[in-house]
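Biologist: I would like to learn how to read a model of this kind, one feature at a time. Could we go through it together?

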Amino acid sequence: MKKLLIIILFIFSSNSLAVEENTNFTHEIFKKAQAENKIIVINSWNEFCLTCKKQIKILDQAETKFNNVIFLSYEQTENKDIADKLNIDYWTTIVIYKGEDEIYRSMGVTEKNQLYLAIDKILKNKI
């Protein structure tokens, strides 16, 4: 009976940490957005990284707030070519581009306010 309870608790606690993670970054989408001088937020994550899961939640919220910004994500260990192209060495990296220019880079836990402020500044051409 104890084993059954432990298994049930493990299943429920694992599901509560589940955050939708996907790779939607392609070189074609990135190049097209750069050519159109769009603001692009790129998120590098890993499926076992708890900090990454927190960042994904923040970015999901930001995507609904900033609908004129392109949000791209990729899994770091499965997409080394993307990481190399963007000079990203760490899972928990967020990079923001305005066209072809890198404007902002953050590694580690990114507070929601910090990320929103960076996007707002870029939108208002203050960076």
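Biologist: Which residue takes a positive phi in the hairpin of β3 and β4?

Modeller: Before I answer, please note that this is a predicted model, in which local features need pLDDT of at least 70 and side-chain atom pairs count only at pLDDT 80 or more, while totals for chains, interfaces and linings use all residues. Residues are numbered from 1 along each chain as its sequence is written, and side-chain values use heavy atoms, with hydrogens and water left out. Helices (H or I, at least four residues) and strands (E, at least two) are DSSP runs, numbered from the N terminus. The residue you ask about is G99, with a phi near 65 degrees, in a hairpin that has 2 residues between the strands.

Biologist: In what sense do strands β3 and β4 pair, and over how many bridges?

Modeller: Two strands pair if DSSP finds at least two bridges between them. Here β3 (residues 93-98) and β4 (residues 101-107) pair in the antiparallel sense over 6 bridges, and Y97 has E102 in β4 as its bridge partner.

Biologist: How many salt bridges does the structure hold?

Modeller: A salt bridge is a side-chain nitrogen of Lys or Arg within 4 Å of a carboxyl oxygen of Asp or Glu, and the structure holds 2 of them. In one, the side chain of R105 meets that of E102 at 2.9 Å, N to O; in the other, E36 and K32 meet at 3.0 Å, N to O.

Biologist: How do helices α3 and α5 pack?

Modeller: Axes are lines fitted to C-alpha atoms, for helices over the stretch in contact, and angles run from 0 to 180 degrees between N-to-C directions. Helix α3 (residues 50-65) packs against helix α5 (residues 112-123) at an angle of about 35 degrees, and their axes are 10 Å apart.

Biologist: Which residues meet where α3 and α5 are in contact?

Modeller: Contact means heavy atoms within 4.5 Å. From α3 come I58, L59, Q61, A62 and K65, which meet K112, L115 and Y116 in α5. The residues of this contact divide into 5 nonpolar, 1 polar and 2 charged, where Ala, Val, Leu, Ile, Met, Phe, Trp, Tyr, Cys and Pro count as nonpolar, Asp, Glu, Lys and Arg as charged, and the others, Gly among them, as polar. The C-alpha atoms of K65 and Y116 are separated by 9.2 Å, although these residues are 51 apart along the chain, and K65 is partly exposed, with a relative accessible area of 48%.

Biologist: Is N79 buried or exposed, and what does N79 touch?

Modeller: N79 is buried because its relative accessible area is 15%, and N79 lies in the loop between β2 (70-75) and α4 (80-85). Not counting residues up to four places away in sequence, N79 touches T23 and Y74.

Biologist: What is the phi of N87, and where does N87 lie?

Modeller: The phi of N87 is near 55 degrees, a positive value in a residue other than glycine. N87 lies in the loop between α4 and β3 and counts as exposed at 58% relative accessibility.

Key. Buried < 20%, exposed > 50% of the residue type's maximum accessible area, 1.4 Å probe, protein only.
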